[in-house]
Protein chains: 2
Amino acid sequence: MLEFIDRHRDQYITWLQDICRQPSVAAQNRGMTETASLVENIMRDLGAETKQVETSGYPVVCGTFQKEKKKSLLFYNHYDVQPEDPIELWESPPFAAEIRDGRIYARGVADNKGNLMARLAAVHAYRHVRGELPLQVKFVVEGEEEIGSVHLEEFADRHQDWLQADGCIWEFGYKNADGRPQVSLGVKGMCYVELVCRGANTDLHSANAAIIENPAWRLIWALSTLKTPDEKIQIAGFYDKVAPLTAEDINVLENMIYSEESTLAKLGLRSFLLNLTGLPLKEKLIFQPTCTICGLESGYTGEGSKTVLPSVARAKIDFRLVPNQDPHEIHSLLRKHLDQHGFSDIEMIPYALEHPARTEIVNPLAVSVLETTKQIYGMEPTVMPMSPGTGPMYVLCQRLGIPAVSVGVGNFASNNHAPNENILLEDYVQGIKHIAAIMDDFAKRGNSQ
Amino acid sequence: MLEFIDRHRDQYITWLQDICRQPSVAAQNRGMTETASLVENIMRDLGAETKQVETSGYPVVCGTFQKEKKKSLLFYNHYDVQPEDPIELWESPPFAAEIRDGRIYARGVADNKGNLMARLAAVHAYRHVRGELPLQVKFVVEGEEEIGSVHLEEFADRHQDWLQADGCIWEFGYKNADGRPQVSLGVKGMCYVELVCRGANTDLHSANAAIIENPAWRLIWALSTLKTPDEKIQIAGFYDKVAPLTAEDINVLENMIYSEESTLAKLGLRSFLLNLTGLPLKEKLIFQPTCTICGLESGYTGEGSKTVLPSVARAKIDFRLVPNQDPHEIHSLLRKHLDQHGFSDIEMIPYALEHPARTEIVNPLAVSVLETTKQIYGMEPTVMPMSPGTGPMYVLCQRLGIPAVSVGVGNFASNNHAPNENILLEDYVQGIKHIAAIMDDFAKRGNSQ
């Protein structure tokens, strides 16, 4: 099988270039229909039963291979990509899929078309070498991941029966700076809100600030009640449902590799938050919820000075949540906190409410992925008990009882969402082999359900 | 004299229209040379000895009438205007100087060409009726008031001898909502700084916020140490030099008319800051220094949500200062405060450092302006011991020992800096009469120096 994949390497790279050359920017509605059809056609050509499921947004492309098999593995991917701005910083056109120095450069090649094509190529190789797949394989390829998976819950609600599977390989995965593959077993949740504080009905000359309330000051005072400089979130009840770490969690954390020095050097920093290092640093990254100001805006923000008393002040805040925090409950606690601190006038606009999700390291799918990583990459992977990021894993998997594990073909310098997005061709080929090995191994393991 | 002015009313209005039709937008370098020459020519035609004094920016137009007279009165005005944006909200073209319903509409007609022309018209009338002015009159007409009078201090430094005068009529003045003229006897000072807080060398995915410092949070915490919600500024030593109110100050405040209800209604507010009303409200407006957030910016400020950990956060802050606060000292105290609170990394960019300035109500110039206001307008003026705004009064006047009083032809709805800027023709004509009366009265009063 591995030899077959090596022999078809150029073909699989061509497949990847072809799909990368088709722009699919969800935020700008560019090429979305074309890409959905392209994905569907590729899957159909590989022998899948396919369907484009319409949603209120872009369609979800679904494909089923060998539905007669009882045991099943789901792949979750997305065909949409981020906008390519700032385009002037790209060294080759974002949709040219140019190959240079063993890398393929394209918007979406790391996030997420490289992973999608590696998985489809693995299916192709497996069927050619063995005649058939060892289990049922289902693909869910959505078109709105980069704009918040706005209709994925709607899709999952309507297709619960079809979605049922013994495990799901989540969309992404990266190699660390030291070339070690990272396997991640969950995602943090999210409560993203915009706070809006209003003053007079128009901006005023700042001389008036002596006697007219300044919404920027009120917002500052409100925000300063949310978190103290020791990073403790001050919202009553915020930490109540945070699951305590188990001995197994600590064990996984201890084995998790996080390259502190190279990260600091790359970011031009002298230390991490609160001077953390080692285990406490990793624990904070993986298992602690956050409260992050993602955006602040009020009054005059141009060059130089303008003496203005703003009429409105805005802050965008994300809370990353850990098991078993509930985003809806956190949203309510925040409202209550603001009310109790005298900020009931501050408006809250919710943008994203997502549950955290985790799969235990002892789950058969996790074991299968970890074992095959060792086989294919010849080294122990780094296990992230959860990714510090967020995705719709809960709505698609955990709430339906499906374990999910995240592994893929990106690397620490893949520049996701940034100019010169790329993956290593070698990682792509290894990724194809890994997926083939996972299908093989997982088919033989005890069912987790 | 008053009759002469009434008879020449149309001629003076035409003069004003002519100068308003000449755009002079300093921020965009539009028509600046032309307007400086126009002002110089008008003064020369009226019999002044004139000069355009070059600075590193736009020239200051100077004119002297009857320099043989010992007693002298200085007029400070400016020929530059604000940009006319948003132009689509103007009901007639901003530089058409159209007359409708007893008002003349033009960019700059209230700020500051109406005042400049009223003063020049008064000189014209006085000389025609009486043959000569009763004192020496000097005009300083700068071209950079709307961009912060950046070179006025340089000009004043180099021309101290020429500037010396027994008093100065400052550029602006307004009628209140009830039609009562306002005389103001000073300006607040200013310390305007931008605070810049930096984190990693690039914006990051906000998942990293668990372990990477967020400059937006640091800025919030720093700002929250500057002022508490009771509006007390927490910088050590900030209030030390604030001059205590005298019995005369309180008396002036008590007589000062401030239309609370109409102001609140216009701004869509239910109450003033801290629910202040009456004397404490007026005291805060006039005699209290302020600390105002004029601008806030960090991270993502567009529509919807983006999960970003910002690399930089900025706040623009103005402190309005009262006698005898020194803007340079306040700047140092702020630096010290930030350092002592653990924010020595926060950069401070100073944009404006201006001293406050006041003239006592018993000063002969103030007495002269107030007495003649009663004569011309037939009512008691409202006296503002200081304007809550700021201007370069200290560098041009008080530091050279020149008292300054502010009075003019605008009104509460003149829309300075906004679309449909206007003055009432009646106010313009009254303003000409008032300036003539001030020259007459002040020439006879005891010299303040």
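Two residues are in contact if their C-beta atoms, placed from the backbone, lie within 7 Å. This is a predicted model: local features need pLDDT of at least 70, side-chain atom pairs count only at pLDDT 80 or more, and totals for chains, interfaces and linings use all residues. Residues are numbered from 1 along each chain as its sequence is written, while chains are lettered from A and ligands numbered from 1 in the order in which they are written.

**Stop 1: the A–B contact**

Select both chains. The contact takes 55 residues from chain A and 55 residues from chain B. On chain A, the elements that each supply at least two residues to the side touching chain B include α7 (215-224), α10 (278-287) and β12 (290-299). Helices (H or I, at least four residues) and strands (E, at least two) are DSSP runs, numbered from the N terminus. β12(A) gives the most to that side, with nine residues. By class, the side of chain A that touches chain B has 30 nonpolar, 17 polar and eight charged residues. Here Ala, Val, Leu, Ile, Met, Phe, Trp, Tyr, Cys and Pro count as nonpolar, Asp, Glu, Lys and Arg as charged, and the others, Gly among them, as polar.

Now select β12 in both chains. Five bridges join β12(A) to β12(B), residues 290-299, and the two run antiparallel. Strands pair if DSSP finds at least two bridges between them. Find A:Ser298: it stands opposite B:Leu296.

**Stop 2: β3 of chain B**

Select residues 72-78 of chain B. Seven of the seven residues in β3(B) are buried. A residue is buried if 20 or more other C-beta atoms lie within 10 Å of its own, exposed if 12 or fewer, and partly exposed in between. B:Ser72, B:Leu74, B:Tyr76 and B:His78 point one way; B:Leu73, B:Phe75 and B:Asn77 point the other way. In a regular strand the side chains alternate between the two faces of the sheet.

β3(B) pairs in the parallel sense with β6(B), residues 136-142, over seven bridges. With β7(B), residues 168-170, β3(B) pairs in the parallel sense over two bridges. Center on B:Leu74. Its bridge partner in β6(B) is B:Lys138, and in β7(B) it is B:Cys168.

**Stop 3: backbone details**

Go to B:Asp85 and B:Pro86. A cis peptide bond joins them, with omega about -5°. B:Pro86 lies in the loop between β3 and β4 (98-100) of chain B. Another cis peptide bond joins B:Asp111 and B:Asn112, with omega about 25°. B:Asn112 lies in helix α4 (residues 109-130) of chain B.

Finish at A:Asn275. Its phi is near 60°, a positive value in a residue other than glycine. A:Asn275 counts as exposed, with 9 C-beta neighbours inside 10 Å.
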